[in-house]
Amino acid sequence: MFKQDDIVKKEYRIRLTASIDSSRFLLHQGLAFRGHDESEDSINQGNFKQLVKYTGDQNDAIGKVILKNAPKNNQMVSSLIQKDIVNSFGEEVVKSVIEEIDHGVLDCSLMSLLIFLAKNKWLLFFSLLIRVV
């Protein structure tokens, strides 16, 4: 029983890591996550799903537990999962910038930090502006 639980946890962690790594790459490159048609028979399912699939193609251990090989309710590729991952990255960036300001890493006499989070049911914008006065 415990061995089965460990296997399920390990597979979940592999799926989550593949989704996080794909998100990190897309965010770093400034690329869109989703495509126009993400159905199973689509030729191009969007950058995120294509990158997760490519990751699985390059690594058999990942390929055995992602997308079609994962439970339907635990594939870690839904738009809600993607938004949660992006929000987490955004929170870490804001926290890092605030820590750098607090510790004087950013050498400026006056700084103002504007964080704008606008959530719409279709869009998520994260904008960070540091203005040196």
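## Close-up views of a predicted model

**View A. Lining of the second largest pocket.** Helix α2 contributes the most to the lining of the second largest pocket, giving five residues. A pocket here is an open set of points on a 1 Å grid over the protein atoms alone, where a 1.4 Å probe fits, with protein on both sides within 12 Å along at least five of seven lines; lining residues have an atom within 4 Å of a point. The model is predicted: local features need pLDDT of at least 70, side-chain atom pairs count only at pLDDT 80 or more, and totals for chains, interfaces and linings use all residues. Residues are numbered from 1 along each chain as its sequence is written, and side-chain values use heavy atoms, with hydrogens and water left out. The second largest pocket holds about 310 Å³ of space, a volume being the space filled by probe spheres set on grid points joined across faces, edges and corners. The lining counts 15 residues, and Glu 40, Gln 45, Lys 53, Leu 67 and Lys 68 are the closest to the pocket centre. By type, the lining splits into three nonpolar, six polar and six charged residues. Nonpolar covers Ala, Val, Leu, Ile, Met, Phe, Trp, Tyr, Cys and Pro; charged covers Asp, Glu, Lys and Arg; the others, Gly among them, are polar.

**View B. Overall chain.** The protein chain has four helices and two strands. Both are DSSP runs numbered from the N terminus: helices are H or I with at least four residues, strands E with at least two. The order from the N terminus is α-α-α-α-β-β. Of the 133 residues in the chain, 24% are buried. Buried means under 20% relative accessible area, exposed means over 50%, and partly exposed lies in between (1.4 Å probe, protein chains only). Among contacts with a separation of 6 or more, 47% join residues 24 or more positions apart. A contact means heavy atoms within 4.5 Å.

**View C. The Phe 33 and Phe 48 rings.** The count is one aromatic pair. Phe 33 and Phe 48 form this pair, and it is stacked, at 5.9 Å centre to centre with 15 degrees between the planes. Rings of Phe, Tyr and Trp (its six-membered ring) pair if their centres lie within 6.5 Å; planes under 30 degrees apart are stacked, over 60 edge-to-face, the rest tilted. The pair links distant parts of the chain, 15 residues apart: Phe 33 sits in the loop between α1 (2-29) and α2 (47-58), and Phe 48 sits in α2. Phe 33 and Phe 48 are both buried.

View D. Ser 23 belongs to helix α1. Is Ser 23 buried or exposed? Ser 23 counts as buried because its relative accessibility is 0%. Leaving out residues up to four places away in sequence, Ser 23 touches both Phe 33 and Phe 48, along with Ile 85 and Phe 89.

**View E. Gln 75 in the loop between α3 and α4.** Gln 75 lies in this loop. With 19% relative accessibility, Gln 75 counts as buried. Which residues does Gln 75 contact, beyond neighbours within four places in sequence? They are Arg 15, Leu 67 and Ala 70. The Gln 75 side chain reaches the backbone oxygen of Leu 67 at 3.1 Å. This is a polar contact, a pair of N or O atoms within 3.5 Å; within protein, one must be able to donate a hydrogen and the other to accept it, and residues adjacent in sequence count only if both atoms are side-chain atoms. Gln 75 and Ser 19 are 56 residues apart along the chain, with C-alpha atoms separated by 9.3 Å.

View F. Asn 74 is placed in the loop between α3 (60-63) and α4 (79-102). Asn 74 is buried at 17% relative accessible area. Met 76 is found in the loop between α3 and α4 and is buried, at 9%. The phi of Met 76 is near 60 degrees, a positive value in a residue other than glycine. Leu 67 also lies in the loop between α3 and α4. Its phi is positive too, near 50 degrees.

**View G. Ile 81 and Ile 20.** Ile 81 is part of helix α4. Ile 81 is partly exposed, since its relative accessible area is 23%. Ile 81 and Ile 20 lie 61 residues apart in sequence and 9.6 Å apart in space, C-alpha to C-alpha.
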